[in-house]
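Please read the points below alongside the sequence and the 3D view.

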Amino acid sequence: QDSAGKSKGAHHPDPAATTLPGWQQWQIPFREFTAAGVNLARVKTLTIGVGDRANPKPGGAGLLYLDDIARGRPAPGQ
């Protein structure tokens, strides 16, 4: 969410992404946010979640590691 209150969610293309083995990289193109009017220079809040926000299910278990959240261009060869 930017300082003007504009926001846009990004959803992983694989609904079972949290069950994939090993470390998984997910690159989200900035255009998904800028097309929705989000000012990337004024981002104030980043929310990360798992599951269906509109229809949450109780009883989830496991670990989710989030790291290397970055803004920029991928390194060559990535």
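1. Lysine 8 is partly exposed, with a relative accessible area of 42%; partly exposed lies between buried (under 20%) and exposed (over 50%), with a 1.4 Å probe and protein chains only. This residue sits in the segment before helix H1 (31-34), where helices are DSSP runs of H or I with at least four residues and strands are runs of E with at least two, numbered from the N terminus.

2. The model is predicted: local features need pLDDT of at least 70, side-chain atom pairs count only at pLDDT 80 or more, and totals for chains, interfaces and linings use all residues. Residues are numbered from 1 along each chain as its sequence is written, and side-chain values use heavy atoms, with hydrogens and water left out.

3. Leaving aside residues up to four places away in sequence, lysine 8 touches Glu32, Phe33, Ala36 and Val38; a contact means heavy atoms within 4.5 Å. From lysine 8 to alanine 35 the C-alpha distance is 9.2 Å, although 27 residues separate the two in sequence.

4. For the whole protein, the count is 1 helix and 0 strands. The radius of gyration is 14 Å, well over the 12 Å that the globule rule gives for 78 residues, so the protein is more spread out than a compact globule. That radius is taken over C-alpha atoms, and the rule is 2.2 Å times the number of residues to the power 0.38.

5. Of the 78 residues, 5% are buried. Among contacts between residues at least 6 apart in sequence, 64% join residues at least 24 apart.
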